[in-house]
Amino acid sequence: MSAINQLEEIITSEKKWARERAEVAKAIHQQYEKGNLSDSEYKELLEDIIRTDRLDQDADDIELRNNLVSGVNGLLKVIS
């Protein structure tokens, strides 16, 4: 499953914390693809979404949390 597909699946989740983060990650990726973000901006914004301390505080579903982290990490591979 591609990172975008993974995020789109999370966007349909009933968990607000996951849905909002997945929507933001997808929007960041779209802006990056349009050339509106540098590599470093893209990386920093995506890493902020999955920063462990904030994510752990909100996440109440470990499998969904791991899918979100996996999807965002998949997007980060674009610049690796």
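## Terms and basis of the model

A residue is called buried when its relative accessible area is under 20%, exposed when this is over 50%, and partly exposed in between, with a 1.4 Å probe and protein chains only. S13 has a relative accessibility of 15% and therefore counts as buried.

This is a predicted model, in which local features need pLDDT of at least 70 and side-chain atom pairs count only at pLDDT 80 or more, while totals for chains, interfaces and linings use all residues. Residues are numbered from 1 along each chain as its sequence is written, and side-chain values use heavy atoms, with hydrogens and water left out.

## The loop residue S13

S13 is located in the loop between α1 and α2. Helices (H or I, at least four residues) and strands (E, at least two) are DSSP runs, numbered from the N terminus. When neighbours within four places in sequence are left aside, S13 is in contact (heavy atoms within 4.5 Å) with R19 and L64.

## Helices α2 and α5

The axes of α2 and α5 come within 11 Å and cross at roughly 5°. Axes are lines fitted to C-alpha atoms, for helices over the stretch in contact, and angles run from 0 to 180 degrees between N-to-C directions. Angles under 35 degrees count as roughly parallel, over 145 as roughly antiparallel, 65 to 115 as roughly perpendicular and the rest as oblique. The helices α2 and α5 are therefore roughly parallel to each other.

On the α2 side, the contact is made by W17, A18, R21, A22, A25 and H29, and on the α5 side by L64, R65, L68, V72 and L75. By class, the residues of this contact of α2 with α5 divide into 8 nonpolar, 1 polar and 2 charged. Here Ala, Val, Leu, Ile, Met, Phe, Trp, Tyr, Cys and Pro count as nonpolar, Asp, Glu, Lys and Arg as charged, and the others, Gly among them, as polar.

## Helices α3 and α5

Helix α3 spans residues 39-49 and helix α5 residues 62-76; their axes come within 10 Å and cross at roughly 175°. The helices α3 and α5 are therefore roughly antiparallel to each other. Y42, K43, L46, E47 and I49 of α3 meet V72, L75 and L76 of α5 in this contact. The contact of α3 with α5 has 6 nonpolar, no polar and 2 charged residues.

## The nonpolar core

A nonpolar core is a set of buried Ala, Val, Leu, Ile, Met, Phe, Trp, Tyr and Cys residues joined through side-chain atoms within 4.5 Å. The largest such core has 22 residues, and those with the most contacts inside it are L46, L68 and V72. At least two residues of this core come from each of α1 (3-11), α2 (16-33), α3 and α5. In soluble globular proteins, nonpolar side chains tend to be buried together.

V72 lies in helix α5 and is buried, with a relative accessible area of 0%. Not counting residues up to four places away in sequence, V72 touches L7, A25, L46, I49 and I50. V72 and L46 are 26 residues apart along the chain, yet their C-alpha atoms are separated by 6.5 Å. With the same exclusion of residues up to four places away, L46 touches A25, I28, V72, L75 and L76.

W17 lies in helix α2 and is buried, with a relative accessible area of 10%. Leaving aside neighbours within four places in sequence, W17 is in contact with L55, D58, A59, D60, D61, L64, R65 and L68.

H29 also belongs to helix α2, and its relative accessibility of 7% means that H29 counts as buried. Beyond residues up to four places away in sequence, H29 touches I4, Y42, L75 and V78.

## The aromatic pair

The structure holds 1 aromatic pair. Rings of Phe, Tyr and Trp (its six-membered ring) pair if their centres lie within 6.5 Å; planes under 30 degrees apart count as stacked, over 60 as edge-to-face and the rest as tilted. The ring centres of Y32 and Y42 are 3.9 Å apart and their planes are at 20°, so the pair is stacked. Because Y32 lies in helix α2 and Y42 in helix α3, the pair ties together parts that are 10 residues apart in sequence. Both Y32 and Y42 are buried.
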